[in-house]
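Work through the exercises below with the sequence and the model at hand. Each task is followed by a solution in steps.

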Amino acid sequence: MTYLFENINEKNLLKLKRILNANTVTYRKNVNILSNVKRDDFIAIIDSGSVQLVFNDYDGNKTIIEDINEGGIFGSITSSIYNEEVSCITKEETQVTYIEYNEITNDEIIKTDSYIIFIKNLIKILSEQVSDKNSRIELLTKKTTRDKLLEYFKIKSQERGNKTFTIPISFTELANYLSVDRSAMTREIGYLKEEGFIKTSGRKITLLY
């Protein structure tokens with residue numbers, strides 16, 4: 001994964017953040033960090049910790065849009081956060097740095113050596129996120145809970161480069177992420193075990209096919 005300030009030394013990074021008017025905030029666990037943020041003009045960088053973008057519909061149903069960990073970014077150009085039904089919840093104590101978009105085109109920053117590196121990193125990150133979102137779309141187009149699980153397991157196995165991996169979220173969160181019923185998902189995991197597709201130990205999964 002590309003980090004937004006990758007290949008920028010500490011001295012230039014401090015100067016860059018000053019020119020960008022970057023604002024760093026630390027949040028406790030389970031805080032909706034979008035509650036006091038202007039939603040249409042910022043990039044947020046997760047300096048430490050992790051957050052979860054969640055959509056809550058009118059009936060109170062929750063769908064996980066995206067998990068964002070340390071080094072990740074989100075904002076109005078990368079995520080669907082304009083809707084007030086979307087929240088961004090900290091999963092642990094989390095430090096976030098905010099940058100407003102209009103600061104990125106500031107004439108002062110364009111003249112710095114760090115600007116080209118910064119923009120290249122931003123473009124690489126956006127490309128990576130498009131790829132991730134395409135994978136999520138492909139996963140959600142699967143018609144059955146079984147097909148969604150098998151696709152998710154395949155993705156995680158490829159990310160790890162190993163047929164054994166640990167699901168990074170709880171089973172409740174996984175059901176929300178896959179947009180399936182948790183009980184039906186749990187049953188399907190049991191069937192996959194019985195039929196010899198997978199072996200499990202808690203959230204550790206081993207593919208047997």
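**Exercise 1. In what order do the three strands of the open sheet lie, and is the pairing parallel or antiparallel?**

Solution. The model is a predicted one.
Step 1: the strand order is β4-β3-β6, and the pairing is antiparallel.
Step 2: β4 (62-69) and β6 (86-90) each pair on one side only, as the edge strands.
Step 3: from one strand to the next, the twist averages 25°.
Step 4: strand β3 (residues 50-56) is joined to the antiparallel β6 by five bridges.
Step 5: helix α6 (residues 171-178) lies across β3 and β4, and the helix runs at about 110° to β4.

**Exercise 2. Decide whether Gly49 counts as buried or exposed, and list its contacts.**

Solution. 
Step 1: Gly49 is located in the loop between β2 (42-48) and β3.
Step 2: its relative accessibility is 15%, and because buried means under 20%, Gly49 counts as buried.
Step 3: with neighbours within four places in sequence left aside, Gly49 is in contact with Asn69, Glu70, Glu92, Glu93 and Thr94.
Step 4: for a distance across the model, take Gly49 and Glu138, which are 89 residues apart in sequence and 28 Å apart in space, C-alpha to C-alpha.

**Exercise 3. Compare the end-to-end reach of α5 and of α4 with the span expected at 1.5 Å a residue.**

Solution. 
Step 1: α5 (residues 145-160) has 16 residues, and its first and last C-alpha atoms are 23 Å apart, close to the expected 22 Å.
Step 2: α4 has 27 residues and reaches 39 Å between its first and last C-alpha, close to the 39 Å expected.
Step 3: after α5 comes Gly161, with a positive phi near 70°.

**Exercise 4. Which residues of α5 are buried, and what do they pack against?**

Solution. 
Step 1: the buried residues of α5 are Thr145, Lys148, Leu149, Leu150, Glu151, Tyr152, Phe153, Ile155, Lys156 and Ser157.
Step 2: the elements they pack against are α4 (114-140), β8 (164-166), α6, α7 (182-194), β9 (198-201) and β10 (204-207).
Step 3: on α4, the buried residues include Phe118, Leu122, Ile125 and Leu139.
Step 4: when residues up to four places away in sequence are not counted, Tyr152 touches Leu139, Ile167, Pro168, Ile169, Leu174, Tyr177 and Leu178.

**Exercise 5. How many residues has the largest nonpolar core, and which element gives the largest share of it?**

Solution. 
Step 1: the largest nonpolar core has 21 residues. Those with the most contacts inside it are Leu149, Tyr152, Phe153, Ile167, Leu174, Leu178 and Met185.
Step 2: α5, α6, α7 and β10 are the elements that give two or more residues to this core.
Step 3: the largest share, five residues, comes from α5.
Step 4: another core, of 18 residues, lies apart from this one, and Ile45, Ile99, Tyr101 and Ile104 are among its members.

**Exercise 6. Summarise the chain as a whole: its elements, its extent and its burial.**

Solution. 
Step 1: the chain has seven helices and ten strands.
Step 2: the C-alpha trace spans about 60 × 40 × 30 Å along its principal axes.
Step 3: the chain has 209 residues, of which 43% count as buried.
Step 4: the chain exposes about 11700 Å², and carbon and sulfur atoms supply 48% of that area.
Step 5: among contacts between residues at least 6 apart in sequence, 73% join residues at least 24 apart.

Conventions. Residues are numbered from 1 along each chain as its sequence is written. This is a predicted model: local features need pLDDT of at least 70, side-chain atom pairs count only at pLDDT 80 or more; totals for chains, interfaces and linings use all residues. Side-chain values use heavy atoms; hydrogens and water are left out. Two strands pair if DSSP finds at least two bridges between them. Helices (H or I, at least four residues) and strands (E, at least two) are DSSP runs, numbered from the N terminus. Axes are lines fitted to C-alpha atoms, for helices over the stretch in contact, and angles run from 0 to 180 degrees between N-to-C directions. Contact means heavy atoms within 4.5 Å. The expected span of a helix is 1.5 Å times one less than its number of residues. Buried means under 20% relative accessible area, exposed over 50%, partly exposed in between (1.4 Å probe, protein chains only). Accessible areas come from the Shrake-Rupley method with a 1.4 Å probe; for residues, only the protein chains shown count as cover. A nonpolar core is a set of buried Ala, Val, Leu, Ile, Met, Phe, Trp, Tyr and Cys residues joined through side-chain atoms within 4.5 Å.
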